[in-house]
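Opening the notebook on this one.

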Amino acid sequence: NQQTLLILEGYPDAILFPIMGLQNVVAVGQGKLSKTHIEGLNEFGVRNVIISFDNDPPKEDGHINGLENTIGAVKLLLTNNINPFVIDPSLLGEHKDPDEYVRANGIDAYRLLMNNAESGAKWLARKILAKYDIDVDLERQKAIDDIGELSTDFKSRIAIDDFIAEAANAMSIDVAALKE
């Protein structure tokens, strides 16, 4: 019966945080948010989630890391009308997991990260654009195509506007032109 949840990757994080005073904490296990999770969020009336996945590097064996899991989770949430907010994995610094960050910096430092979680739509726009060299015309066009295609799947008009505005700003394009 909470409108906002903190979603973590690992079960140890989700066990530790309530002991330290954070409420409304769940874990997806293995960092993969799925349609089943979305169904559960909808069933319980959750409208907002803060995603805080691991800060692990890409693995040589092809397993997806925390950044890629965060991107996938934000896309899934935006296409299912749940408002995502993100604690960028890089904000955990040298720490791989949120629980390691809390053990090193304290729960209040983590609460500050939570309070400053950013819009998933804006965060996602920057992550998509980071894959391209937008100073090269063809790469810029590919970025524009990706932004345009992905935004059509989002359910929230506000998320679409935030996503497109962030991308337009990063590429120095007029927002109205990018919306077209």
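This is a predicted model: local features need pLDDT of at least 70, side-chain atom pairs count only at pLDDT 80 or more; totals for chains, interfaces and linings use all residues.

**Entry 1: charge pairs**

I started at Asp97, which is buried, with a relative accessible area of 14%. My cut-offs: buried is under 20% relative accessible area, exposed is over 50%, and partly exposed is in between, with a 1.4 Å probe and protein chains only. Residues are numbered from 1 along each chain as its sequence is written, and side-chain values use heavy atoms, with hydrogens and water left out.

What does Asp97 pair with? Its side chain meets that of Lys96 in a salt bridge (3.0 Å, N to O). I call it a salt bridge when a side-chain nitrogen of Lys or Arg is within 4 Å of a carboxyl oxygen of Asp or Glu. Lys96 is partly exposed, at a relative accessible area of 35%. By this rule I get 10 salt bridges.

Next I looked up Asp88 and Lys127, whose side chains also form a salt bridge (3.3 Å, N to O). Asp88 sits in the loop between β4 (83-86) and α4, and Lys127 in helix α6, so the pair ties together parts that are 39 residues apart in sequence. Elements here are DSSP runs, numbered from the N terminus: helices are H or I with at least four residues, strands are E with at least two. Asp88 is buried at 10% relative accessible area, whereas Lys127 is partly exposed at 26%.

**Entry 2: cores**

Which residues have the most contacts inside the largest nonpolar core? Leu124, Phe163 and Leu178 do, in a core of 23 residues. For a nonpolar core I take buried Ala, Val, Leu, Ile, Met, Phe, Trp, Tyr and Cys residues joined through side-chain atoms within 4.5 Å. Elements giving two or more residues to this core are α3 (66-78), α6 (120-129), α7 (137-151) and α8 (157-171). The largest share, 7 residues, comes from α8.

I checked Leu124 by itself. Not counting residues up to four places away in sequence, Leu124 touches Ile71, Val74, Lys75, Leu78, Leu150, Phe154 and Phe163; contact means heavy atoms within 4.5 Å.

**Entry 3: α1 and its surroundings**

Helix α1 (residues 11-19) has Asp13, Ala14, Leu16 and Phe17 as its buried residues. They pack against β1, β2, α4 (98-105) and α5 (107-115). Just after α1, Gly21 takes a positive phi of about 110°.

On the α4 side I picked Asp99, which is found in that helix. Buried or exposed? Asp99 is buried, with a relative accessible area of 7%. Beyond residues up to four places away in sequence, Asp99 touches Pro12, Asp13, Leu16 and Phe17.

**Entry 4: a pocket**

I looked at the second largest pocket, which has a volume of about 180 Å³. On a 1 Å grid over the protein atoms alone, a pocket is an open set of points where a 1.4 Å probe fits, with protein on both sides within 12 Å along at least five of seven lines; lining residues have an atom within 4 Å of a point. The volume is the space filled by probe spheres set on the points, which are joined across faces, edges and corners.

Of its 13 lining residues, the closest to the centre are Leu5, Val26, His37, Gly40 and Leu41. β1 (4-8), β2 (25-27) and α2 (35-43) each supply at least two residues of the lining, and α2 gives the most, with 3. By class, the lining has 9 nonpolar, 4 polar and no charged residues. The classes: Ala, Val, Leu, Ile, Met, Phe, Trp, Tyr, Cys and Pro are nonpolar, Asp, Glu, Lys and Arg charged, and the others, Gly among them, polar.
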